[in-house]
Amino acid sequence: MFPPLFDASVPVFRRYLVQLQGLLARAAQHDQSATLLQARLAPDMLPLAVQVEVAVNFVFRACAPLAGQAVPAFGEHRASFATLQARVDQGLAFLATLQPTQFANAAQRQISDPAGETTVTLDGSTFLQQYALPNFFFHLSMVYAILRQQSLPLSKGDFDGWHVYEATAPR
């Protein structure tokens, strides 16, 4: 059995980054793909491209300190669907480097992370379960919501990879 925070982070992030790849691939094929990158749910919310970046960045922001590593610099990847896909690929590649042994003392580590205009400092368990995972899923959900708002025919199955619906069923 692997350390609990490894099991609660790496496989979860891996699964949902793969789902994000699928959402981005569908969006890139949309006839309005050029405008999708800047689409927002509301004027004061982040656009699609930034929502993707932030979601992927949470993979690094969560797993690097849990594994006892420094969080790498992010850079910007919002110029196109290709650069966003490349960023997701980077997240998946990073996850593939992590070993369960690196997470052995993760629950006890004190982790600090910027949260809006403040900084949170939490033990590793609280950091992952109550801060990092919820933020990752918030931004991933915003990606899904923006794409649905922009008329992409997506279903819950496109988000989670588990649900299956007929094409005509409510999504």
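## The buried face of α1

Twelve names make up one list: Leu5, Phe6, Ser9, Val10, Phe13, Tyr16, Leu17, Gln19, Leu20, Leu23, Leu24 and Ala27 are the buried residues of α1. Buried means under 20% relative accessible area, exposed over 50%, and partly exposed in between, with a 1.4 Å probe and protein chains only. Their cover includes α2 (33-36), α3 (48-66), α4 (81-97), α5 (124-149) and α6 (156-160).

This is a predicted model, where local features need pLDDT of at least 70 and side-chain atom pairs count only at pLDDT 80 or more, while totals for chains, interfaces and linings use all residues. Residues are numbered from 1 along each chain as its sequence is written, and side-chain values use heavy atoms, with hydrogens and water left out.

## The span of α1

Helix α1 covers residues 4-29, 26 residues in total. From first C-alpha to last it reaches 38 Å, close to the 38 Å expected at 1.5 Å a residue. Helices are DSSP runs (H or I, at least four residues), numbered from the N terminus.

## α1 against α4

The axes of α1 and α4 lie 10 Å apart, at an angle of about 165°. That makes the pair roughly antiparallel (angles over 145 degrees). Contact means heavy atoms within 4.5 Å. On the α1 side, the meeting residues include Val10, Phe13, Arg14 and Leu17; on the α4 side, they include Phe81, Leu84, Gln85 and Val88. The contact divides into 14 nonpolar, three polar and two charged residues.

## Ser151

Ser151 sits in the loop between α5 and α6. Its phi is near 75°, a positive value in a residue other than glycine. Ser151 counts as exposed, at 57% relative accessibility.

Note on methods:
Helices (H or I, at least four residues) and strands (E, at least two) are DSSP runs, numbered from the N terminus. The expected span of a helix is 1.5 Å times one less than its number of residues. Axes are lines fitted to C-alpha atoms, for helices over the stretch in contact, and angles run from 0 to 180 degrees between N-to-C directions. Angles under 35 degrees count as roughly parallel, over 145 as roughly antiparallel, 65 to 115 as roughly perpendicular and the rest as oblique. Ala, Val, Leu, Ile, Met, Phe, Trp, Tyr, Cys and Pro count as nonpolar, Asp, Glu, Lys and Arg as charged, and the others, Gly among them, as polar.
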